[in-house]
Amino acid sequence: MRPPSAREVALQCLLAGERRGAWSDGYLRNSIRKAGLDRRDAALCTHLTFGILQNRMLLDWHIGRLSSTSMEKLEVPVLNCLRLGIYQLLFLDRIPVHAAVNESVDLAKQYSRNPRSAALVNAVLRAFDRGKGELPQPEALSIRYSHPEWLVKEFSNTLPQEEIEALLTADNSQPPTQVQVNTRKTSSEALMEELSQAGIQVTPHPWLPDCLELEGTGDLEGLPAFREGRFYVQDAAARLAVLASGAAPGMRVLDACAAPGGKSFAAAVAMDDRGSILSCDLHPHKKKLIEDGARRLGLSCITASIMDGRQLDPTLEGRFDLVIADVPCSGLGIIRKKPDIRYKDPAPLENLPAIQRDILANVSHYVRPGGTLLYATCTLLRRENENVVSSFLDKHHNFTLSPFQLPGSVGQTEEMVTLWPHRHDTDGFFIARLRRKG
């Protein structure tokens, strides 16, 4: 039995997302490893999977124009074979037309129960290729950039209208993988040299020290530099949150919603592994993720524990110099890394601000007088960000906003900051620093 090709693995990932609700990034990593794809095929598979999810509504619009069978009646595998083919014809100039068409047709033969599906896929893709020189464009931003209408409206409530298209474009981009150097074990220069020797394209982040941007990585976790803890994967935005917190050697820190541990790791490195970090999560299986990461990075100041951020633990009251609350959120700031987030049902998101307010109010009890409480999310919605902080301050007069300064394009002193993909070239992220009066 032959191993699956890059296109077949991409199709399997798309089907898993639609049929089982699997998240594309995690499922894709495991599938690439299981299929044994080399670096080149792994890159193609990733590009196809993410690109199709980023442009799914646009691809479906074109399929709807050309298919003799209505979208509702197409089998899910057939629809995804069509998406796979049209995406390549529309966006990947270096892929020969015959390769894009023929393998999509072959996959339709394998994955469809209807013997006529392959002919339909062939006809639609050939018709699309013939008309590629004069393609119509949908007028609606929602379809053109494959963001559901409700999401475009949400962003319009926060951003100036002239920036909406720039954000949607950024959401559909493919950012480089960003990693943070574990300066307890190596330097940026040494790590850059090591990764370059492994065939990875490495550039230093333009304004964040000890942050590297990688391309052509293949299986990062298989690299000796990863296994031996010389770096950890983390976007610049999450690292900026830790910089804003002011974590410093000797501090007592609580990371209240920590898994998989990135902010705890960044804080421990900033603290030179001196002091203590209690790194907590609600789910027992995530405790091991934090422990494994800390062990790999050689960070001994981190202790992982299970904790419900909404339930008061009297033994922790007033114990910490710094409490980090990176709370559960809608995740709408990381669409460019998890493109399928945009297609999730928005109804459950309405309950998130209440959960966020509860967590923030509860963990505030753990901050010592004079200490710092950092609130962070990876979303761009005011109701989960500024509104939660304002509601907290209205009820907790023993806390006040505390200004901080960040490097690079963020720069200026702030008390609350929203990082935008199209403005800062980071994940979308919100940071607010509060101080307990004392």
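Start by selecting D171 and H147: in this predicted model, their side chains make a polar contact at 2.9 Å. To place D171 in the fold, colour helix α10, residues 161-171, which contains it.

Which side chain of opposite charge is nearest to D171? That is R342, 6.0 Å away. A salt bridge would need a side-chain nitrogen within 4 Å of a carboxyl oxygen, and D171, though buried, has no salt bridge. Now show the surroundings of D171, leaving aside neighbours within four places in sequence: its contacts are Q54, H147, F155, I335, R336, R342 and P421.

**On to the strands**

Next, select residues 211-215, which form strand β3. Why can this strand be called largely enclosed by the rest of the structure? Because 4 of its 5 residues are buried.

β1 and β3 pair in the antiparallel sense, with 4 bridges between them. For one of these pairings, click on T177 and find L214, its bridge partner in β3.

Follow the chain through the hairpin of β2 and β3, where 6 residues lie between the strands. Stop at D210, which takes a positive phi near 60 degrees.

**A look at the cysteines**

How many disulfides does the model have? The count is 0. Select C13 to see an example: the nearest cysteine sulfur belongs to C45 and is 5.3 Å away, and C13 is in no disulfide. C13 has 5% relative accessibility, so it counts as buried. Now go to C211, which is in no disulfide either. The nearest cysteine sulfur to C211 is that of C378, at 17 Å. C211 counts as buried because its relative accessibility is 2%.

**Last stop: K185**

Finally, select K185, in the loop between β1 and α11 (188-197). Is K185 buried or partly exposed? At 40% relative accessibility, K185 counts as partly exposed. Its side chain reaches the backbone oxygen of E228 at 2.7 Å. A polar atom of the K185 side chain also lies 3.1 Å from the backbone oxygen of R296. Beyond residues up to four places away in sequence, K185 touches E228, G229, R230, R296, L297 and G298. To end the tour, draw a line between the C-alpha atoms of K185 and V363: they are separated by 32 Å, and the two residues are 178 apart along the chain.

Terms used. Residues numbered from 1 in each chain as written. Predicted model: local features only at pLDDT ≥ 70, side-chain atom pairs only at ≥ 80, totals over all residues. Heavy atoms only, no water. Helix = DSSP H or I, 4+ residues; strand = E, 2+ residues; numbered from the N terminus. Buried < 20%, exposed > 50% of the residue type's maximum accessible area, 1.4 Å probe, protein only. Lys, Arg positive; Asp, Glu negative; His and termini not counted. Polar contact = N/O pair within 3.5 Å; in protein donor to acceptor, adjacent residues only side chain to side chain. Contact = heavy atoms within 4.5 Å. Pairing = 2+ DSSP bridges. Disulfide = S-S within 2.5 Å.
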